[in-house]
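Hi,

Here is the structure I promised to pass on. Please have a look, and then read my notes below.

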Amino acid sequence: MINLKAQDLIDFENSIADLYNNGKIKSPIHLRGGNEQVLIDILNKENIDDNCWLACNWASHLECLCKGVSKEELIRAILQNRSITLCFNKYKIISSAIVASIAPIAAGIAFGIKRKNLRERVFCFLGEMSFLNGITQESIRYSQNHNLPIKFIIADNKLSVQTPTYNVWRLKDGGI
């Protein structure tokens with residue numbers, strides 16, 4: 001059970017924005033907001049525990065907090081210029097700053113879990129632009145066809161940075 005409230009996550013992202021705006025963070029960061037309660041609800045519904053891997057894109061601060069990484073440990077990693085590539089083996093969290101690259105990595109972890117007959121699961125978090133990328137589609141199809149212990153969770157804000165996703169892919173609204 002996630003012991004954080006949506007406001008805790010909002011406050012954390014705001015504190016990271018303040019550190020960045022005050023020149024304390026020298027590397028790229030990717031903040032996000034607006035889906036804090038949805039994230040908590042999904043993780044609670046799926047009973048995320050120590051046997052679950054979280055595979056995330058470059059905006060993984062909130063997932064890290066929800067999985068149990070302390071604010072202090074997370075801030076240290078961000079100040080060490082790892083904001084968009086946060087990986088914590090202890091918590092089974094892996095992230096990547098390369099668009100859509102986390103999908104095949106997550107599928108590989110799930111394949112290893114299945115092959116070793118472990119009682120672990122993988123949850124792969126993606127944005128809608130990454131979801132529509134070819135390598136992600138292949139990873140999803142492979143995972144389904146091989147019955148891997150993985151779920152892909154897509155956050156759709158209809159933008160990739162400031163690029164309207166639906167225009168790029170020529171989709172009608174809700175086309176995902």
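Predicted model: local features only at pLDDT ≥ 70, side-chain atom pairs only at ≥ 80, totals over all residues.

**What I found**

Residues are numbered from 1 along each chain as its sequence is written, and side-chain values use heavy atoms, leaving out hydrogens and water.

On secondary structure, the chain has eight helices and six strands (DSSP runs: H or I of at least four residues for helices, E of at least two for strands, numbered from the N terminus). Their order from the N terminus is α-α-β-α-α-β-α-β-α-α-β-β-β-α.

As for overall dimensions, the C-alpha trace spans about 50 × 40 × 25 Å along its principal axes. Among contacts (heavy atoms within 4.5 Å) between residues at least 6 apart in sequence, 68% join residues at least 24 apart.

Now the cysteines. There are zero disulfides in the structure, a disulfide being a pair of cysteine sulfur atoms within 2.5 Å. Cys 66 is in none, and its nearest cysteine sulfur, that of Cys 64, is 9.5 Å away. Cys 66 is buried, at 10% relative accessible area. Cys 124 is likewise in no disulfide, with the sulfur of Cys 56 the nearest at 7.9 Å. Cys 124 is buried too, at 0% relative accessibility.

Best wishes

Notes: Buried < 20%, exposed > 50% of the residue type's maximum accessible area, 1.4 Å probe, protein only.
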